[in-house]
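Visitor: I have the sequence and the model open side by side. Could you walk me through the charged pairs and one of the helices?

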Amino acid sequence: MDFVLSGVAACGACLFTNPLEVVKTRMQLQGELQSRGSYQVYYRNVFHAFYTIGKVDGLAGLQKGLAPGLVYQFFMNGVRLGSYAIIESSGYIHTNGRVSAAKTTVAGAVAGVVGAVMGSPVYLVKTHLQSQSTSCIAVGHQYKHQGMVHALTAIYRQHGILGLWRGSSAAVPRVSVGSAAQLSTFSSAKELVLDLQVFPKNSWLVALSAGMISSVVVVLAMTPFDVVSTRLYNQPVDQLGKGQLYKGFADCFSKTLRKEGLMGLYKGLGASYFRLGPHTILSLFFWDELRKLYQQVR
């Protein structure tokens, strides 16, 4: 039941934050491997990107990749948060009755890796669909998928089962770093809020406050890995399924740093916070509340 509740919580958050995911993906691909000032800027900031995509691609363009996004959130976060809930309820993350930062970080990272590997094929398709746009505002490589099922079928036919896990070398560090940061800070922040007695013990504001603190740490830790992940998933490939721009995670990281500087790894930081922030807050809030509700019903 922990897995189901976790998946439902993440899907609830995804419905609200998917347009921000589209904006984030476009901003991370803009000016790929080009120095500042040498490329046309279609998306100046989060708000301008929202306006541009809505105007050119229509409002439906802001919900591109929603189907694979929901599937990814259900399975990846179902496994990730569900695994963490089991580890938490077993008492592993506590030392002498208090939350251990080291243990929550390890538990969060392990849960994240399991979720990332399972959800990688759907994340690949989601990235392709969200980067697809009208040619006048297109950034990154443009695939011609007609939907989630068509994309999965086309990739499987061209590159086999392994082709569906292309880019997972970036998904593992991305999700493990993000998951470790999110879950360790969420547990610690919740404990801090309870210790300060700002809100009543069972108030939904405890989870909301902890989620807001957690989201800042997650965005700062995760954005460089997120940029690399988006680019590896979206790069064009040859007939053998090998990337034409990057050989792997380390190659993409070093090339981006060399060509675009440190800020290249933090492209779309604003969009990342506006997307990851609410998503972190909503998913952790829904997760915490659903678990409490389930405990009451049971």
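Guide: Happy to! Helices here (H or I, at least four residues) are DSSP runs, numbered from the N terminus. This is a predicted model, where local features need pLDDT of at least 70, side-chain atom pairs count only at pLDDT 80 or more, and totals for chains, interfaces and linings use all residues. Residues are numbered from 1 along each chain as its sequence is written, and side-chain values use heavy atoms, with hydrogens and water left out.

Visitor: Which residue just after α8 takes a positive phi?

Guide: Helix α8 covers residues 249-260. Just after α8, with a phi of about 80°, comes Gly-261.

Visitor: How many salt bridges does a search of the whole structure find?

Guide: Side chains of opposite charge can pair when their charged atoms come close. A salt bridge is counted when a side-chain nitrogen of Lys or Arg lies within 4 Å of a carboxyl oxygen of Asp or Glu. By that rule, the number of salt bridges in the whole structure is 13.

Visitor: How many residues apart in sequence are the parts that Lys-126 and Glu-21 tie together?

Guide: Lys-126 and Glu-21 form a salt bridge, with their closest N and O atoms 2.6 Å apart. Lys-126 belongs to helix α4 (residues 101-131) and Glu-21 to helix α1 (residues 2-29), so the pair links parts whose separation in sequence is 105 residues.

Visitor: Are Lys-24 and Asp-226 buried or exposed?

Guide: Buried means under 20% relative accessible area, exposed over 50%, and partly exposed in between (1.4 Å probe, protein chains only). These two side chains meet in a salt bridge at 2.7 Å, N to O. Lys-24 has a relative accessible area of 0%; Asp-226 is at 1%. Lys-24 and Asp-226 are therefore both buried.

Visitor: Within what arc do the buried residues of α8 fall?

Guide: In α8, the buried residues are Asp-251, Cys-252, Thr-256 and Glu-260. Seen down the helix axis, they line one face, because the directions from the axis to their C-beta atoms fall within an arc of 125°.

Visitor: Which exposed residues does the other face of α8 carry?

Guide: That face is turned away from the buried side of α8. Its exposed residues are Ala-250 and Arg-258.

Note on methods. Helix = DSSP H or I, 4+ residues; strand = E, 2+ residues; numbered from the N terminus. Expected span 1.5 Å × (residues − 1).
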